[in-house]
Amino acid sequence: MTREIPYKIYLEEDEIPRRWYNVRADMKNKPAPLLNPATHEPMKAEELEAVFCSELVKQELDDRNPYFDIPEQIVDFYKMYRPSPLVRAYCLEKELDTPAHIYYKFEGNNTSGSHKLNSAIAQAYYAKQQGLKGVTTETGAGQWGTALSMACAYFGLDCQVYMVKVSYEQKPFRREVMRTYGAKVTPSPSMETNVGRKINAEFPGTTGSLGCAISEAVEAAASQEGYRYVLGSVLSQVLIHQTVIGLETKRALDKYDIVPDIIIGCAGGGSNLGGLISPFAGEIVRGENNYRIIAVEPASCPSLTRGKYVYDFCDTGKVCPLAKMYTLGSGYIPAPNHAGGLRYHGMSSIVSQLYDDGILEATSVKQTDVFAAAQRFAKVEGILPAPESSHAIKVAIDEALKCKETGEAKNIVFGLTGTGYFDMVAYQKFNDGVMDDYCPTDEEIARSLAGCPVIS
């Protein structure tokens, strides 16, 4: 018999995962390898080590070992804010008058305000272990840059952040948190790098994109001795670190004999979604269980729902390896949507393969609908959610209302990846009724996809 479920399900400190999970080891169809953009041959470790930390390259290329031990220093850092709670949304259930049981894994209980710290501390640790001076990175809405600046301060590393220009302007206080931790923050595309100058010349007045910022950060790392590039999403190494979310979620559900029917996450580059769903997807591919998994992306940047599954550049400047993923084309620059963390042209190769295999489904939602759901959630649950997280909230509410129609008491779990207290410009536009719902035309997407490389 199922026990009475508390409002918040907390794990004990000794229940923090000691190993990250690598779902690729269990996948029957492995994600396609990264390719050298010049030769179209699979990237070798020594090639990747010119850009990434050596230990992270090992994790990136390993699709055989299902687990990686988490170093004790990282576990000790996790103890500052983990385990994070799995919350039963009783008040939301009551407001919706639904028989569904709604749970959310809340990752906003740390200074960075999001799940990004789970990987930032890992990447900073490996950079320190390698004896590097510092790291460079990009950030969209600023959660990743904030998390990395905090992690670098902890280990005494220099941190250089290229922040998508529209977010740099819309979210000045998140920028200032980064600077408080000692990071240098540059709006991207900038005039400080060759690729930044090229993009500005080609797209005058551009508001930038994650693809642009990645190109600048990679160039900055390559041009400085003792620096490497680190990133907050997309690549397998990042998704692996984020599996602490899914491992804790599963352990908390098991503690009270709860079996989820639907698992929902917002999808930009795929790290938080992949981190949440990996343990559950692993059960599906091993034939041990079955769940309905839903990836939710913005209608303004719909890589899964309207993109193509092909090899593409990971960055706008075309200096990074090629990845096989669902993509809108590396030249796609989204409208200045306020869910800055979801404004990436492509999707994690792991998530893309799982989607192509039918392990998960995807949907896209419009911005005003997302903020209406965020407001509805905030009024009853007492948390102002990040715009990114609110995509998952929107679909969780939709699924709960379907349960109301059918009378089914399904267990719905979604990832609340962070708080929205630095996103007040977006909330202001929604409250003032001046927020729009931009959706790219088929012609725009086709033009962008035409720039994808042809791989024989």
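Author: Helix α16 (residues 367-381) and α18 pack with their axes 10 Å apart and at an angle of about 100 degrees. This is a predicted model, in which local features need pLDDT of at least 70 and side-chain atom pairs count only at pLDDT 80 or more, while totals for chains, interfaces and linings use all residues. Residues are numbered from 1 along each chain as its sequence is written, and side-chain values use heavy atoms, with hydrogens and water left out. Helices (H or I, at least four residues) and strands (E, at least two) are DSSP runs, numbered from the N terminus.

Reader: What makes α16 and α18 roughly perpendicular?

Author: Axes are lines fitted to C-alpha atoms, for helices over the stretch in contact, and angles run from 0 to 180 degrees between N-to-C directions. Angles under 35 degrees count as roughly parallel, over 145 as roughly antiparallel, 65 to 115 as roughly perpendicular and the rest as oblique. The angle between α16 and α18 is about 100 degrees, and the two helices are therefore roughly perpendicular to each other.

Reader: Which residues make the contact of α16 with α18, and how do they divide by class?

Author: With contact meaning heavy atoms within 4.5 Å, α16 contributes T368, F371, A372, A374 and Q375, and α18 contributes A426, Y427, F430 and N431. Ala, Val, Leu, Ile, Met, Phe, Trp, Tyr, Cys and Pro count as nonpolar, Asp, Glu, Lys and Arg as charged, and the others, Gly among them, as polar; on that basis the contact of α16 with α18 has 6 nonpolar, 3 polar and no charged residues.

Reader: Why is α9 called roughly antiparallel to α10?

Author: Helix α9 (residues 194-202) and helix α10 (residues 210-222) have their axes 8 Å apart and pack at an angle of about 150 degrees, and that angle makes α9 roughly antiparallel to α10. The contact is formed by N194, V195, G196 and I199 of α9 together with C212, S215, E216 and E219 of α10, and by class it holds 3 nonpolar, 3 polar and 2 charged residues.

Reader: What makes the pair of Y125 and Y126 edge-to-face?

Author: A pair of aromatic rings is described by the distance of the centres and the angle of the planes. Rings of Phe, Tyr and Trp (its six-membered ring) pair if their centres lie within 6.5 Å, and planes under 30 degrees apart count as stacked, over 60 as edge-to-face and the rest as tilted. By this rule there are 16 aromatic pairs. The ring centres of Y125 and Y126 lie 5.2 Å apart and their planes are at 70 degrees, so this pair is edge-to-face. Both residues belong to one aromatic cluster, formed by F77, Y78, Y81, Y125, Y126, Y154 and F155.

Reader: How do you know whether Y125 is buried or exposed?

Author: Buried means under 20% relative accessible area, exposed over 50%, and partly exposed in between (1.4 Å probe, protein chains only). Y125 has 11% relative accessibility and therefore counts as buried, and Y126, at 8%, is buried too.

Reader: What places the charge of R175 over the ring of Y168?

Author: A charge sits over a ring if NZ of Lys or CZ of Arg is within 6 Å of the ring centre and within 35 degrees of the ring normal. R175 lies over the face of Y168 at 4.5 Å from the ring centre, and the charged end of K324 sits over the ring of Y309, 4.7 Å from its centre.

Reader: Why is E248 called buried, and what does E248 touch?

Author: E248, in helix α12 (residues 243-255), has a relative accessible area of 0%, which is why it is called buried. Not counting residues up to four places away in sequence, E248 touches L11, I16, P17, R82, P83, S84 and K105. Among these, R82 and P83 are joined by a cis peptide bond with omega about 0 degrees, and P83 lies in the loop between α3 (72-78) and β4 (86-88).

Reader: Where are D97 and V234, and are they buried or exposed?

Author: D97 has a positive phi of about 55 degrees although it is not a glycine; its place is in the loop between α4 (90-96) and β5 (101-106), and with a relative accessible area of 53% D97 is exposed. V234, also not a glycine, has a positive phi of about 75 degrees; V234 lies in the loop between β9 (227-229) and α11 (236-241), and its relative accessible area of 11% makes V234 buried.
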